[in-house]
Each structure stands twice: as C-alpha cells, then as structure tokens.
Amino acid sequence: ANSNKIGVETDYEVIGIEPGAGLMGLAKTAISDYELNNWTLVEGSSAAMAAELKKAYDAEEPIIVTGWTPHWMFSAYDLKYLDDPKGSFGGAEDINTLVRKGLEQDAPGAYKILDQFFWEPSDMESVMVEVSNGSSPAEAAEKWIDANPDKVAEWTNGARAGNEESIDLVFVAWDTEIASTNVVGKVLEQNGYDVSYVQVEVGPMFAGVANNSADAMVGAWLPGTHVEYYETYKNDLVDLGPNLQGTKNGLVVPAYVDIDSVEDLQD
Ligand code: PBE
C-alpha cells in the first residue's frame, strides 16, 4: 500500500468543498466505488478549494480537487477531469428553479420570470469569470444583463411588473449559484421587485423554499447531485424545471498532472 505516486505527492488528499454539497457525496461514492481506502476527502469550502488550486497551479505542483462545470476555473487554468469509468459522479445534469407554494398567486410576475429563466452554460460561465476577476456579483450580473437584452426579454415576456413586493432568493456560496442568483435577482429588481439575496447552507436552502421562509432558489442540481434534498422536500415546493442544462461533476486536476482516470488513484 501507499505506493501510488500521485497519492504520495498529494498526501492522498482530494481537496473537497462544503461538507453538505452534493459533489462531496458523489466524491465519497467514488472513493468507495474505486476502493480508494488510503485517500481522504478534505472538507472545506468552494473558495478554499479554489485558493488551494491556484496555489498548486502557480507552483506547478500536483493537486486533485472536486470540480464542476460550469466554472471559471476552466477558463483561468488548463485543467482536466479524471475519467470516471464506473460513473460514480453521474452524467450531465440540469439545474432547476424551485419556488415556494403560493408564489404564483402572491407575485405572479416574479413567478413568471423565474419560470422563464433559462440560459446556457457559457452565459453562466461568463458571469463567473467576471466575478473571479474581481467584479462584485451584482456588477457582473448587470454587465451580463446589459449585454444580453434578447435573452432577458424572453424571461420577462408577459410578466406583470411588481409593486416592490419582496422576493427572498436563497442560495449557497457556490460560484455557479452566486452567478445565477444575482442575474435572476437583478432581472426581478428591474421588473419591480425588492429582492433579498440570502446566503445559506445547502439543507436550509431547500428547506427554506419548502417551508415558505424563502421564495425561490435557482440552484437545484438534478437528477443526481441534490437527489436527497430534492426527494425530502419536493412535495412541499413547486419545481419550475431547468434553468440550465449540461452540468458536470468530477475530480479535476491540472493538465500537467500525469494521470487520466479515477482508477489511477488506486494503489
Ligand atoms: N456544486 C455546485 C453543488 C451544486 C452546485 C456542484 C458544488 C453541489 O451540491 O455539489
């Protein structure tokens, strides 16, 4: 044992993110599926993972992180996903919009905009890149909205303007959800709603929409990543379907790391 070269070089550590993230559950499944008994999945945060990745990348040192697409880090660095022949990380997924029961009656315009909100991975990634380059999420959202009037017009088409009703959006501080929440929130603001952006942990995000303490979330990764949260709460909320299609989860390494598959982590 303990003879795996990349394992020795990385202290047999995979750099993870927030403990409740779906991706962490998938990474644990992978560790079990591939019998990576020597390996530790390190808990932390998305921001800490990105900082570790930057540090290793700048020094050209080996590192393995839990990663996902869309993400700015694929624009900033030359990275690759490790092949996952056992399919532990699942396939391409959708990101769905979930709203509380009763929102349609209480704020029909906001409901319609949330229902019509749909964009491409490249749209989301461009907002993420702006934020990673130092823009505030609000600035990056406004810039994307100004540059994409046709898409925004499709989302607001037929939506009644609000009368400054408050809309509480819940989100986790994942780079993807910071981008989407700020963009759809700004569009709601421009259409007469008073939007709050409430940062929470993943469990409370789903629970908040299900128990009516929040109005909406735009970061439900389905069918796999958030399956447990979704199954727990789906009967108590309204699923408005995908706002984006074609995500990916997996283990990610810099291109200079000389392995290609999760199987290469086995002793
Ligand atoms: N993520 C990004 C989340 C969903 C959004 C992949 C880090 C997760 O629950 O793992």
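I'll start with the ground rules, then the helices, then the salt bridges.

This is a predicted model: local features need pLDDT of at least 70, side-chain atom pairs count only at pLDDT 80 or more, and totals for chains, interfaces and linings use all residues. Numbering runs from 1 along each chain as its sequence is written, and side-chain values use heavy atoms, with hydrogens and water left out.

Helices first. Helices here are DSSP runs of H or I, at least four residues, numbered from the N terminus. Take H8, residues 137-147, and H10, residues 175-190. Their axes come within 9 Å and cross at roughly 65°. An axis is a line fitted to C-alpha atoms over the stretch in contact, and angles run from 0 to 180 degrees between N-to-C directions. So H8 is roughly perpendicular to H10, a label that covers 65 to 115 degrees. The crossing is right-handed: the near helix is turned clockwise from the far one by less than a right angle.

Which residues of H8 and H10 meet? From H8, Pro137, Ala138, Ala141, Glu142, Trp144 and Ile145. From H10, Ile178, Asn182, Val183, Lys186, Val187 and Gln190. Contact means heavy atoms within 4.5 Å. The contact residues divide into eight nonpolar, two polar and two charged. Nonpolar is Ala, Val, Leu, Ile, Met, Phe, Trp, Tyr, Cys and Pro; charged is Asp, Glu, Lys and Arg; the others, Gly among them, are polar.

Now the charges. Side chains of opposite charge can pair when their charged atoms come close. We count a salt bridge when a side-chain nitrogen of Lys or Arg is within 4 Å of a carboxyl oxygen of Asp or Glu. The structure holds 10 of them.

One is Glu130 with Lys143, at 3.0 Å, N to O. That pair links distant parts of the chain: Glu130 is in H7, residues 121-132, and Lys143 is in H8, 13 residues apart. Glu130 is partly exposed, at 23% relative accessibility. Buried means under 20% relative accessible area, exposed over 50%, partly exposed in between, with a 1.4 Å probe and protein chains only.

Back to H10. Lys186 and Glu189 form a salt bridge at 3.3 Å, N to O. They sit three residues apart, so about one helical turn separates them. Buried or partly exposed? Lys186 is buried, at 11%, while Glu189 is partly exposed, at 31%.

Next, Lys234 and Glu231, with closest N and O atoms 2.9 Å apart. Lys234 is partly exposed at 33%, and Glu231 is partly exposed at 44%.

Last, a network: salt bridges link Arg100, Asp106 and Asp215.

How values were computed:
Helix = DSSP H or I, 4+ residues; strand = E, 2+ residues; numbered from the N terminus. Parallel < 35°, antiparallel > 145°, perpendicular 65-115°, else oblique.
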